[in-house]
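Colleague: I am new to this structure and would like to go through it with you. Could we begin with the terms and then turn to the details?

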Amino acid sequence: MFLEVATSESESDWLKRISNVERDGRRRPLATFIREVIREEIRSGLIGPGERLIEEDLADAFDVSRTPVREALRQLQVEGLVQSVHNRGFVVNDILEDVDIVFNIRARVEGYAASLAARRAGADELEKLRELQRELSEAVAAGDKNAAVELNSRFHQSVMTAAKSARLADLIEKLRTDYVSYQVVSMYDGEQLKASIAEHEEIIDALWRRDGYAADLAVQSHINKGLNAYLRYLRDRPETNEEDKT
């Protein structure tokens, strides 16, 4: 049984939006590009659990044949974001459980990385964090949410780089790539963004004090608050009737 969940936009709206996504300069197969676009729509909650992904409609939206669309959907199935259902095609999975697990893993791993950064970071790296924090505050004040998302990602990446552990960096990057990324910030309202910036200050202060324990706790708390915000965003989405029970 599948519970059809209404998205904040109609199906025609999100199909229209993805049809306007332009390919960047990276050389990658068409199926990979399609997979990445659909993946972000699912992870952002704009395509909800139980929603059908119809090959023909997607092919029209991307202005391609059904072959790369079919391959993209199969790749998403391998990632666990969709599943193939008899007589229904591909259907979006409920990713709440995976999000919960991965965010908790990230909190612990990135917290540990921050504790290493407290001991290993150079003064120039810590100054870079303060500069990124200033730029992020300016972006939030200007209402530039796209810039805020990018700067937030750069801030966290800089903390991880300061840990000076290639193994940890690879692990963290995999968690960020395979699941929900820091674009959770894009769902924050103004007050939530200000609170997030204040949490960054706690992280920076702990790093400057060379207090690995405090840096670990500050990062874990910050990520867990992001998790709670994301789960509320997905769980508060309005539900429609239970229609397809095949």
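Modeller: A residue is called buried under 20% relative accessible area, exposed over 50%, and partly exposed in between, using a 1.4 Å probe and protein chains only. This is a predicted model, in which local features need pLDDT of at least 70 and side-chain atom pairs count only at pLDDT 80 or more, while totals for chains, interfaces and linings use all residues. Residues are numbered from 1 along each chain as its sequence is written, and side-chain values use heavy atoms, with hydrogens and water left out.

Colleague: Is E55 buried or exposed?

Modeller: E55 is buried, because its relative accessible area is 13%. This residue lies in helix α3; helices (H or I, at least four residues) and strands (E, at least two) are DSSP runs, numbered from the N terminus.

Colleague: Which side chain does the side chain of E55 make a polar contact with?

Modeller: The partner is the side chain of R66, at 3.5 Å. A polar contact is a pair of N or O atoms within 3.5 Å; within protein, one must be able to donate a hydrogen and the other to accept it, and residues adjacent in sequence count only if both atoms are side-chain atoms.

Colleague: And what does E55 touch, leaving out residues up to four places away in sequence?

Modeller: E55 touches R66, V69, R70, L73 and F90 on that basis, where contact means heavy atoms within 4.5 Å.

Colleague: Where is R66 found, then?

Modeller: R66 is in helix α4. It counts as partly exposed because its relative accessibility is 43%. With the same exclusion of residues up to four places away in sequence, R66 touches E55, E56 and A59. R66 and E56 are 10 residues apart in sequence, and their C-alpha atoms are 6.4 Å apart in space.

Colleague: How do α3 and α4 pack?

Modeller: Two packed helices are described by the angle between their axes and the distance between the axes. Helix α3 (residues 55–62) and helix α4 (residues 66–79) pack at about 115°, with axes 9 Å apart. Axes are lines fitted to C-alpha atoms, for helices over the stretch in contact, and angles run from 0 to 180 degrees between N-to-C directions.

Colleague: Which residues make that contact?

Modeller: From α3 they are E55, E56, L58 and A59, and from α4 they are R66, V69, R70 and L73. They divide into 4 nonpolar, no polar and 4 charged. Here Ala, Val, Leu, Ile, Met, Phe, Trp, Tyr, Cys and Pro count as nonpolar, Asp, Glu, Lys and Arg as charged, and the others, Gly among them, as polar.

Colleague: Changing topic, what is the strand order in the sheet?

Modeller: The 3 strands form an open sheet in the order β1-β3-β2, with antiparallel pairing. Two strands pair if DSSP finds at least two bridges between them. β1 (52–53) and β2 stand at the edges with a single partner strand each, so one side of each has no neighbour in the sheet. Helix α4 lies across β1, β2 and β3, and runs at about 110° to β2.

Colleague: How many bridges join β2 to β3?

Modeller: There are 4 bridges between strand β2 (residues 82–85) and strand β3 (residues 89–92). S84 stands opposite F90, and V85 has G89 as its bridge partner. The two strands form a hairpin with 3 residues between them, and N87 in the turn has a positive phi of about 70°.
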